[in-house]
Amino acid sequence: MTALPTISASAIHVAPIRFVDRTLANGLRAILVPDSRVPSVAINVAYRVGGKDDPLGRSGFAHLFEHLMFKGTSSTAPETIDRLTEDVGGFNNAFTSEDITNYYEVVPSNHLERLLWAEADRLASLTVNEANFATERDVVIGEYDQRILAEPYGMLDELVNREAYTLHPYRRGVIGSPAELNAAALEDVVAFHATYYRPDNAVLVVAGDLDVDETSRWIDRYFGSIATPRAPIPRVLVAEPVQTAERTYTHRAANVPLAAAEEAYHIPSASHPDAAALDVLEALLGAGRSSRLYTALIYDKQLATSAWASADLREQPGLFGARVTCARGVALADARAALAVELERVRTEPPSPAELARVQTQIASALVRSRQTASGIALALVHATTERGDPGAVNADLDRYLAVTAGDVMRVAQTYLRAENRTVIEYLPL
């Protein structure tokens, strides 16, 4: 059998994203990407409010509004967005992260105007009443029960954030505390909406089969008249103190089938010069069956059922996680010892040219795939704008990853993957 040719990352080409970027008088930032390859458009409205912006003692408010924004306005019934998208062959959804709440739709391009109207309408005149609040609060609490309490390893992510951060509000997570949600009153929710759901806190990205001039007129028509409050938008200014000693916590639960552990290391924000090298380090350690952790812990030593790494780069300093779940009959201490060997290896031994080329090709290929749809392009612009402050950063991403050297990978491992910078959660059966 003839082997397939290997494609190097340097041979991969990513066409630059051509966009028009402007800010309305009321502060709304609108980014348009004309692309007529497919007769559809992707609309993203990202509000710069996420889990870290929840009021003290009211975690889950940003997530709650991800749900409330679908409950109708003074001029529309609940689930109107569903009817305007699904009934014409499109789709919609939303997500809340630590930093943003993003609402998105993909529809045939001849429906673009009515979706822009609908997004402006729910920004300007959302119905926030006791009935909607009570219903969606129960939905969010149900998500907590399902995703955090019922899933065998659901609590682990919550614990990592809670224990790795001592002061920064990233420690509260995103999904929300049932006790704090139940303690909230309608006036708390109304105040949160008035504080963050405003034009100057939103980034609107439209990508696909559109005419820039026509779309700009629609945006002006529907969004331009929405007033901007005079009060400044509260921003998180808290800096997490530098960690100077390892912290280890043990959690036991009845629904944990196999022992697991995550080591979480503090890393800088997505806009930091080390971000690309940290992404490469993640792929080297934990991306797929050719990664170091999979090869060593699962395939060779058969100590783990899963082993992976993640560079969680956020608007503000994030976490690099390395997680292992034991194979049946394996002691957690043995699995963690094998993990420690691989982390020490990456701190002291640069990846070979072939290994680095493989990892960079994985990243470059994923980058190319993400840019093949209007929704992928729109989301890339949302993240670049909100996390790195510059939508144009998307056009330098491939070069950033290709510029990472073996020495850079070893340097960031030495800089951040240090024991005194680490919080360990051991997650055990009862």
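These notebook entries record what I looked up in the helices and loops of a predicted model.

**Conventions**

I worked from a predicted model, in which local features need pLDDT of at least 70 and side-chain atom pairs count only at pLDDT 80 or more, while totals for chains, interfaces and linings use all residues. Residues are numbered from 1 along each chain as its sequence is written, and side-chain values use heavy atoms, with hydrogens and water left out. I took helices (H or I, at least four residues) and strands (E, at least two) as DSSP runs, numbered from the N terminus.

**Entry 1: helix α9 and its two partners**

I began with the packing of helices. Two packed helices are described by the angle between their axes and the distance between the axes. For the axes I used lines fitted to C-alpha atoms, for helices over the stretch in contact, with angles running from 0 to 180 degrees between N-to-C directions.

I looked up helix α9 (residues 275-286) against helix α15 (residues 406-416): the angle is about 90° and the axes are 9 Å apart. α9 is therefore roughly perpendicular to α15. The classes are roughly parallel under 35 degrees, roughly antiparallel over 145, roughly perpendicular from 65 to 115, and oblique for the rest. On the α9 side the contact is made by Ala277, Leu278, Val280, Leu281 and Leu284, and on the α15 side by Asp408, Val409, Val412, Ala413 and Tyr416. Contact here means heavy atoms within 4.5 Å. I sorted these residues into nine nonpolar, no polar and one charged. In this sorting Ala, Val, Leu, Ile, Met, Phe, Trp, Tyr, Cys and Pro count as nonpolar, Asp, Glu, Lys and Arg as charged, and the others, Gly among them, as polar.

I then turned to α9 and helix α12 (residues 353-370), which pack at about 105° with axes 9 Å apart. This angle makes α9 roughly perpendicular to α12. From α9, Asp279, Val280, Ala283 and Leu284 meet Glu355, Leu356, Val359, Gln362 and Ile363 of α12. The contact divides into six nonpolar residues, one polar and two charged. I note that Val280 and Leu284 are listed in the contact with α15 and also in that with α12.

**Entry 2: helices α1 and α7**

I found that the axes of helix α1 (residues 61-68) and helix α7 (residues 186-196) come within 11 Å and cross at roughly 85°. α1 is thus roughly perpendicular to α7. Phe61, Ala62, Leu64, Phe65 and Leu68 of α1 meet Asp188, Val189, Phe192 and His193 of α7. I counted seven nonpolar, one polar and one charged residue in this contact.

Helix α8 (residues 212-223) has 12 residues and reaches 16 Å from first C-alpha to last, close to the 16 Å expected at 1.5 Å a residue. The expected span is 1.5 Å times one less than the number of residues. Which residues of α8 are buried? I listed Val212, Thr215, Ser216, Trp218, Ile219, Tyr222 and Phe223. Buried means under 20% relative accessible area, exposed over 50%, and partly exposed in between (1.4 Å probe, protein chains only). These residues cover an arc of only 160° around the axis, which puts them on the same side of α8. The arc is that of the directions from the helix axis to the C-beta atoms. The cover over them includes β1 (20-23), β2 (29-34), α3 (112-125) and β6 (202-208).

Helix α5 (residues 154-164) is mostly covered, with nine of its 11 residues buried. Among them are Met155, Leu156, Glu158, Asn161 and Glu163. Their cover includes α4 (130-150), β7 (247-253), β8 (260-266), β10 (319-326) and β11 (422-429).

I next checked backbone phi. Most residues other than glycine have a negative phi. Glu79, in the loop between α1 and α2, has a positive phi near 65°. Glu79 counts as partly exposed because its relative accessibility is 28%. Gln302, in the loop between α10 (292-300) and β9 (304-312), has a positive phi of about 55°. At 56% relative accessibility, Gln302 counts as exposed.

In helix α2 (residues 80-86) I looked up Thr80, which counts as buried at 19% relative accessibility. Its C-alpha atom is separated by 7.4 Å from that of Phe70, 10 residues apart along the chain. Asp82 is also found in α2 and counts as buried at 16%. Leaving out residues up to four places away in sequence, Asp82 touches Asp87 and Asn92.
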